[in-house]
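Good morning, colleagues. I would like to take you through one model, element by element. Please keep the sequence and the structure in view while I speak.

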Amino acid sequence: MRILAMMLRRSVARLSPLLSNGALRLNPIPPLPSSLSSHSTSFCSSSSRILSPTNDHAQSSADSSPSVAISIDRSGLCNPPEHAHEPSSDSELVKHLKSIIKFRGGPISVAEYMEEVLTNPKSGFYINRDVFGTSGDFITSPEVSQMFGEMIGVWVMCLWEQMGQPPTVNLVELGPGRGTLMSDLLRGSSQFKNFTKSLHIHLVECSPVLQKIQYEKLKCTDESIDEESGTKSAVSAVTGTPVAWHASLDQVPSGSPMIIIAHEFFDALPIYQFQKGARGWSEKMVDVSEDSKFRFVLSPGPSPALLYLARRCQWAPREEVAKLEQIEVCPSAMDLTQKIAKRIDSDGGAALIIDYGKDGLLSDSLQAIRKHKFVHILDDPGSADLSAYVDFASIRHSAQEISENVSVHGPITQSQLLGSLGINFRVENLLQNCTEEQAENLRTGYWRLVGDGEAPFWEGPDEQIPIGMGTRYLAMAIVNKKQGVPVAFQ
């Protein structure tokens, strides 16, 4: 342990000049007090996912149904109620997590806990269920209104034109959910034959259940599986576009320009958490208490993850680091961003990242959502979604660090993005040919996508008032410099 501590101190000292003034001391600090070991600390921002009973995908067509929304502000979730953090009988995932901790002889990182909870091959939250919509756990922008996917389609098509209308483009979506965004993108652009003919769609999805839903949503046919790579492919009847599924971005073929869409994908990547005490920074970890319940503890000494903290803090002003008592770092987001930037550098193209987050260091934003309600992070692992705010500053620095041939634009708000792409004109056009019920549905969906706060036009029950997320969600673009500045970021 002493040797490990010495190695870490030397490595971090080389990585971060912040150590020189004591901002990142690696001295061990005591475990979390009992008042903190079983409960998460308070959330520090009010941005949120949509947690509401609502129409899964508000449409302007005749089959539309009314849509209502309740958005819950995270700032009111600072003090979770007292309760047990596990079911009465352990699930397979809970047993698995406890066995890992027992085998290691100590706690595991928050990142490893998060990764197991979300993507464990047998019991992960995303693996064996449809978690989206009113019957799921949360609702995303594509499910709110068809206009979201249509506007993203406008952005992709404008970029394709800036690229000189290449005959082949790999259109990649990371974490495509139900396939709603891609379905609306293809339908909305179906009249532009040269554009749709150039597309080769690649969906990066680890869940077999969601892959099947995406297949149906895109009206796919001619399914086949490559025996060598195991890649499943088909053809979307919406536009006759080829579609392929992959477990990771690495499996997407190179050699053609690539346009990547990452909507609410980065927020699910595993994070590390650190807490500052009287003698320095320690990693926040997950352990099992004597009564067999999960709890948060602090590492008794330096941990390898402190290298990630040092790397992230190199990009932040010292005064910003000094004023924080807790810091979150997402190495997976840094690594993925650099993979994206490398591909954009070599093949051309761009990436559009849309998520809730902040353009700077994050302190404690990890949250759990089950059935449209916030629950404790350690409560019944695998039954709730875990997500954290996206550190957009870290994404920008990661991309710029790896390549001089890419430029990063934003973040801008979702309202600015969709407004620049013409959502105002789109909603006005749709309102001219719909029933009053459909019009109410459109107005509600529009406000939720671009509005800020409570909708001023709402006349229904107060508990169902639509809450706009236009300023809560941010958008950032990473592009090959040859393409110039993408639309909406100019």
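Let me begin with a definition: a residue is called buried under 20% relative accessible area, exposed over 50%, and partly exposed in between, with a 1.4 Å probe and protein chains only. Helices (H or I, at least four residues) and strands (E, at least two) are DSSP runs, numbered from the N terminus. This is a predicted model, in which local features need pLDDT of at least 70 and side-chain atom pairs count only at pLDDT 80 or more, while totals for chains, interfaces and linings use all residues. Residues are numbered from 1 along each chain as its sequence is written, and side-chain values use heavy atoms, with hydrogens and water left out.

I start with strand S10, residues 294-298, which is mostly covered, as four of its five residues are buried. Two strands pair, in the sense used here, if DSSP finds at least two bridges between them. Strand S9, residues 280-288, is joined to S10 by five bridges, and the two run antiparallel. Within this pairing, Val 286 stands opposite Phe 296 in S10. The hairpin of S9 and S10 has five residues between the strands, and there Ser 292 takes a positive phi near 70 degrees.

Ser 256 is buried, with a relative accessible area of 18%. Not counting residues up to four places away in sequence, Ser 256 touches Thr 168, Asn 170 and Asp 347, where contact means heavy atoms within 4.5 Å.

Leu 181 belongs to helix H7, residues 180-188. Is Leu 181 buried or exposed? Leu 181 counts as buried because its relative accessibility is 2%. Leaving aside neighbours within four places in sequence, Leu 181 is in contact with Pro 142, Phe 148, Gly 149, Ile 152, Glu 173, Ile 261 and His 263. Leu 181 and Thr 140 are 41 residues apart in sequence and 9.9 Å apart in space, C-alpha to C-alpha.

I turn now to a helix pair. Helix H15 (residues 423-431) and helix H16 (residues 436-450) pack at an angle of about 170 degrees, with their axes 10 Å apart. Axes are lines fitted to C-alpha atoms, for helices over the stretch in contact, and angles run from 0 to 180 degrees between N-to-C directions. H15 and H16 are therefore roughly antiparallel to each other, a term for angles over 145 degrees.

Lastly, an open sheet of three strands has the order S14-S13-S15, with antiparallel pairing. Its edge strands are S14 (373-375) and S15 (385-387), each pairing on one side only. Strand S13, residues 367-370, pairs with S15 over three bridges, and Ile 369 has Asp 385 in S15 as its bridge partner.

Methods:
Angles under 35 degrees count as roughly parallel, over 145 as roughly antiparallel, 65 to 115 as roughly perpendicular and the rest as oblique.
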